[in-house]
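User: Please take a close look at the paired side chains in this model. Tell me which residues pair up and what surrounds them.

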Amino acid sequence: MSPAVEVLVRTVAVLAAFLVLPLLVGQTEHKVMAHMQGRLGPMYAGGFHGWAQLVADGVKFAQKEDVTPAAADRPVFRLAPAVGLVPYLVALAAVPLSPGLVGADAPASAVLVLAATAVGILGTLMAGWASANKYSLLGAMRAAAQLLSYELPLVLAVASVCLAAGSLSLTAIAGAWSPWWLLWQLPGAFVFLVAAVAELQRPPFDMPVADSELVFGAYTEYTGLRFAFFLLAEYAGIVLMSLLFAVLYLGGWKGPLSGDLGWLWTLLKGFVVSVLVIWMRVAWPRLREDQLQRLAWLGLVPLALLQLALTGVWVVATA
Amino acid sequence: MTEAAKGSRAAGIPGLVRGLAATARTLARPTHTSEYPDAPPSLPPRSRGVIALLAENCTSCMLCARECPDWCIYIDSHKETVPATTPGGRDRQRNVLDRFAIDFSLCMYCGICVEVCPFDALFWSPEFEYAELDIRELLHERDRLGQWMATVPPPPALDERSADPAEVSALGKPARAPRAPRQAAAEEGQA
């Protein structure tokens with residue numbers, strides 16, 4: 001296969017995964033959340049238990065008018081959804097499903113993924129600033145503060161795993177993984193999960209889009225397809241963080257019968273993690289802004305540092 | 001830190017676990033959703049869906065129209081003369097119903113008309129699917145009101161140990177003796 005064709009195939013495959021997996025998670029959220037609340041959820045679209053609900057939603061969003069507020073900073077306002085969405089696409093390309101199945105096998109893919117996801121927040125900031133709406137701006141500021149607080153424990157938790165594996169490559173990290181890590185890296189896994197949910201601005205950390213206070217935060221003024229892009233970015237973020245959790249802490253493609261079907265294990269583990277993320281949304285109320293900061297700086301950062309020290313000591317002791 | 005704040009912090013983790021458990025339990029149970037258009041709803045007895053008219057019982061007495069709080073009942077009638085049935089008798093007059101209409105855009109479903117009708121011409125029906133796109137189409141005439149009679153449920157059974165209904169207790173009473181003919185009574189008076 002010539003390099004150009006290979007690049008094309010890989011790009012199309014990543015794009016397809018980027019468009020399909022978030023829809024799967026979104027549909028799962030529709031149904032799981034509904035049943036957790038004693039409801040049925042969508043039942044009509046597509047015939048069987050509303051499986052095509054999100055496709056129908058997409059068609060609806062595409063038909064809606066694309067409104068740009070008169071006072072908005074037009075170029076920034078119109079560019080923001082792309083800035084929010086594309087980093088997740090870039091990051092998803094670097095996450096391996098199995099040693100051979102990865103969009104772009106970067107040598108330091110752990111760093112690449114973390115850096116790319118951190119860019120995504122810029123889209124929210126741009127959207128909030130350019131909307132010329134005080135609620136949007138407040139939401140964007142909250143999002144920025146939240147990102148600043150939670151990026152640190154997230155990076156520290158990943159650093160601990162990288163230290164344990166002795167590599168910055170996600171493929172090598174999952175390759176070095178052994179079941180003993182489940183206990184050894186447990187505090188780090190907890191920190192990573194909480195910080196990831198906070199970075200995605202998912203409940204219980206959804207103050208930036210707190211509908212009762214800020215309407216819909218930075219996304220208040222958006223309509224139509226641009227709004228849909230922000231929603232897609234949220235669910236793509238869930239997919240990305242869940243897969244990352246599966247690769248870093250759950251051993252990715254390792255499992256029984258993982259010869260050629262290792263990628264299924266990664267997807268399955270990632271799916272379980274995303275169900276957990278959905279479950280947290282249904283079960284828990286939203287934190288207050290100060291509680292959020294307190295949790296990050298007094299809870300997660302010390303815990304992540306402790307994990308880092310534990311990993312370092314163990315690696316040095318056994319080396 | 002106050003005692004209450006300490007208590008709430010101690011309740012933090014168990015509270016989170018309880019939240020997860022509650023949602024998981026609900027997930028495992030059947031849902032409460034009633035799939036209305038696909039499955040008929042189970043309405044409680046004596047549901048007030050629509051008012052049905054048994055036009056044969058209506059005497060055009062206008063009680064319902066006059067008691068209606070928002071005047072949503074329209075009745076037109078005329079009088080017809082019924083010729084005497086016996087020679088030398090008197091012609092009788094009776095009301096004939098020309099129009100009976102209820103405007104359900106005004107009706108507030110108080111049921112006063114049903115209560116006040118002395119001849120059992122109005123009934124509650126549980127039928128509720130008569131929405132219209134134009135509010136003016138909610139004015140329903142007597143033929144439509146009559147069609148809803150088919151959906152009126154039988155009256156609910158009486159409570160245990162309640163008194164017999166008047167129709168039943170009347171059966172147990174001795175029949176009235178027939179009144180003596182008027183002519184004979186007059187003769188007796190002369191005698």
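Analyst: The answer below goes through the charged pairs, then the aromatic ones, and then the setting around them.

This is a predicted model, so a local feature needs pLDDT of at least 70 and a side-chain atom pair needs pLDDT 80 or more, while totals for chains, interfaces and linings use all residues. Residues are numbered from 1 along each chain as written, chains are lettered from A and ligands numbered from 1 in written order, and side-chain values use heavy atoms, without hydrogens or water.

Charged pairs first. Over all chains, the structure has 11 salt bridges. In each one, a side-chain nitrogen of Lys or Arg lies within 4 Å of a carboxyl oxygen of Asp or Glu.

Start in chain A. A:Glu29 and A:Arg202 form a salt bridge, and their closest N and O atoms are 2.4 Å apart. This pair links distant parts of the chain, 173 residues apart. A:Glu29 sits in helix H1 (residues 3–36). A:Arg202 sits in the loop between helix H8 (186–199) and helix H9 (211–214). Helices are DSSP runs (H or I) of at least four residues, strands (E) are runs of at least two, and both are numbered from the N terminus.

A:Glu29 has a relative accessible area of 3%, so A:Glu29 is buried. A:Arg202 is at 0%, so A:Arg202 is buried too. The cut-offs are simple: buried is under 20% relative accessible area, exposed is over 50%, and partly exposed is in between (1.4 Å probe, protein chains only).

Move to chain B. There, B:Glu141 and B:Arg99 meet in a salt bridge at 3.0 Å, N to O. B:Glu141 lies in the loop between strand S5 (139–140) and helix H5 (142–147), and B:Arg99 lies in strand S3 (residues 92–103), so the pair ties together parts that are 42 residues apart in sequence. Both ends are partly exposed: B:Glu141 at 29% relative accessibility, B:Arg99 at 25%.

Another bridge of chain B joins B:Asp134 and B:Arg136, at 2.8 Å from N to O. B:Asp134 is partly exposed, at 25% relative accessibility. B:Arg136 is exposed, at 67%. Bridges can also share partners: A:Glu29, A:Arg202, A:Glu234 and A:Arg281 are joined in this way into one network.

Next come the rings. Over all chains, there are 20 aromatic pairs. A:Trp180 and A:Trp184 form a stacked pair, with 6.0 Å from centre to centre and 5 degrees between the planes. A:Trp180 is partly exposed, at 41% relative accessibility. The rule pairs rings of Phe, Tyr and Trp (its six-membered ring) with centres within 6.5 Å; planes under 30 degrees apart are stacked, over 60 edge-to-face, and the rest tilted.

A:Tyr222 is buried, with a relative accessible area of 5%. A:Phe230 is also buried, again at 5%. Both rings belong to one aromatic cluster. Its members are A:Phe61, A:Phe77, A:Phe216, A:Tyr219, A:Tyr222, A:Phe227 and A:Phe230.

One more residue of chain A deserves a look. A:Asn133 is in the loop between helix H4 (109–130) and helix H5 (134–165). A:Asn133 is buried, at 15% relative accessibility. Leaving out residues up to four places away in sequence, A:Asn133 touches A:Gly128, A:Thr220 and A:Glu221. Touching, or contact, means heavy atoms within 4.5 Å.

What about the two chains together? 13 residues of chain B are in contact with 13 residues of chain A. Between chain B and chain A, the count of salt bridges is zero.

Last, the setting in chain B. Chain B has seven helices and five strands. From the N terminus on, these elements run α-α-β-α-β-β-α-β-β-α-α-α. Chain B has 191 residues, of which 20% are buried. Take the contacts in chain B between residues at least 6 apart in sequence: 70% of them join residues at least 24 apart.
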